[in-house]
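Visitor: I'm new to this one. Could you walk me through how to read it?
Guide: Happy to. Let's have a look together.

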Amino acid sequence: MAKPSTPQWTHKHLLGIEDLSVGEIRMVLDTADEFFPYAAGRKPAPQVLEGRTIMNLFIEDSTRTRTSFTFAAERLGARVFQFHATTSSLNKKESLADTARNVEAMGLEAIVIRHPERNAPHRLAEAVRCSVLNAGDDSHEHPTQALLDLQAIRRRLGRIEGLTLALVGDVRHSRVARSNLLAHSKLGNRVIFVGPQVFLEDLDVQAETTTDFDAVLPQCDAVMMLRVQFERHESLVLNIDEYVRNYQLTPARLARAKPEAIVLHPGPVNRGIELTNEVADGPRSVILYQTTCGVATRMAVLSLCIGALERERACNGEDTLGQEG
Ligand code: NCD
């Protein structure tokens, strides 16, 4: 009997976990595992993106995500152009779509975009022909973060199903929480949003919620701590001393979790607020491991999405690298 053919990745964009099936989530993780030995950059990776150009278009601050996409693309042989919003013609009132289309006309395979408006990457994807990867839009989605978190969980716990996870803190303003909730719900895992009432009300997603962190800890296989996103709070008032008392992950609190439970955090960490130093740097923290997985995961999504783009270009009779003869 003929061997079943490997399913092919069909998305040229990665806009949200919302668009991915469980099979596609697994395909990203399997591809990320293949790239993992090259993630640290010391062993030369297969140059599958040689000759390609990627633009990092970050209209919001970033350390990990921007660096990680840059390292991932460069390690696969691509060139990366760092777009600087503050010195660009966006300041001369050019629209984002026009800016992106003009750079695209100079030769571009992918745009990695972080933007303060919800669905900005989705609108950009309609304006350009190259791949668009969402690196965070407002409090909406951050798909590569959820995928790298899954890779870290799978490599550390050995599985990504049958799990109970607590996502703790400012879940209301967190795109990381939303993308993780979507991913783990698809995988059939139990996700509990934990935090003070101000962070649990007016959620635009269906989630199990509790204000009682200590009560859920003994059930958790993974605890994901989140930063309090003061910059998104507007009129919301938070009593920070009370927050630290009830939600800071301390060694005493962590002792209530299963002995094998791991601690995640997408960064940036505010030490002394959501976590103590002992927990952030302790044996159950996978925080730095998450950033290593981030490079492997972004190698995977860049190669999968650009692969789909190039199949589309080939179908349209275009030169793979988009050049006129
Ligand atoms: C997060 C983000 O930007 O959504 N960080 C990240 O990408 N690693 C979380 C945050 O800012 O707190």
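**Reading strands and helices**

Guide: Keep in mind that this is a predicted model. Let's begin with a helix on a sheet: α5 lies across β5, β8 and β9, and runs at about 165 degrees to β9.

Visitor: What is the order of the strands in that open sheet, and how do they pair?
Guide: In general, strands of a sheet pair through backbone hydrogen bonds, either parallel or antiparallel. Here five strands form an open sheet in the order β7-β6-β5-β8-β9, and the pairing is parallel. β7 (208-210) and β9 (262-264) are at the edges with a single partner strand each, so one side of each has no neighbour in the sheet. On average, neighbouring strands of this sheet are turned by 25 degrees against each other, direction ignored.

Visitor: How many bridges join β5 to β8?
Guide: Four bridges link strand β5 (residues 164-168) with strand β8 (residues 222-225), and the two run parallel. To find your place there, look for Val 168, which sits opposite Met 225 in β8.

Visitor: Now β3. Which residues lie on each side of it?
Guide: The general idea is that in a regular strand the side chains alternate between the two faces of the sheet. In β3, Ala 110, Val 112 and Arg 114 are on one side, with Ile 111, Ile 113 and His 115 on the other, and all of them are buried.

Visitor: Why is β3 described as largely enclosed by the rest of the structure?
Guide: Buried means under 20% relative accessible area. Six of the six residues of β3 (residues 110-115) are buried, so the strand is largely enclosed by the rest of the structure.

Visitor: Which strands pair with β3?
Guide: Strand β1 (residues 53-58) pairs with β3 in the parallel sense over five bridges, and Ile 54 stands opposite Ala 110 in β3. Strand β4 (residues 131-137) also pairs with β3 in the parallel sense, over five bridges. There, Ile 113 has Asn 134 in β4 as its bridge partner. From β3 the chain crosses through helix α4 (residues 120-127) to β4, a right-handed β-α-β crossover.

Visitor: Back to α5. At what angle does α5 pack with α12?
Guide: Helix α5 (residues 143-157) packs with helix α12 (residues 287-315) at an angle of about 120 degrees, and their axes are 8 Å apart. The crossing is right-handed. Among the residues that meet are Leu 147, Leu 148 and Arg 155 in α5, and Tyr 289, Cys 293 and Val 301 in α12. By class, this contact has seven nonpolar, six polar and four charged residues.

Terms used
Residues are numbered from 1 along each chain as its sequence is written. This is a predicted model: local features need pLDDT of at least 70, side-chain atom pairs count only at pLDDT 80 or more; totals for chains, interfaces and linings use all residues. Side-chain values use heavy atoms; hydrogens and water are left out. Buried means under 20% relative accessible area, exposed over 50%, partly exposed in between (1.4 Å probe, protein chains only). Two strands pair if DSSP finds at least two bridges between them. A crossover is right-handed if, with the strands pointing away from the viewer, the path from the first strand over the helix to the second runs clockwise. Axes are lines fitted to C-alpha atoms, for helices over the stretch in contact, and angles run from 0 to 180 degrees between N-to-C directions. A crossing is left-handed if the near helix is turned anticlockwise from the far one by less than a right angle, and right-handed if clockwise. Contact means heavy atoms within 4.5 Å. Ala, Val, Leu, Ile, Met, Phe, Trp, Tyr, Cys and Pro count as nonpolar, Asp, Glu, Lys and Arg as charged, and the others, Gly among them, as polar.
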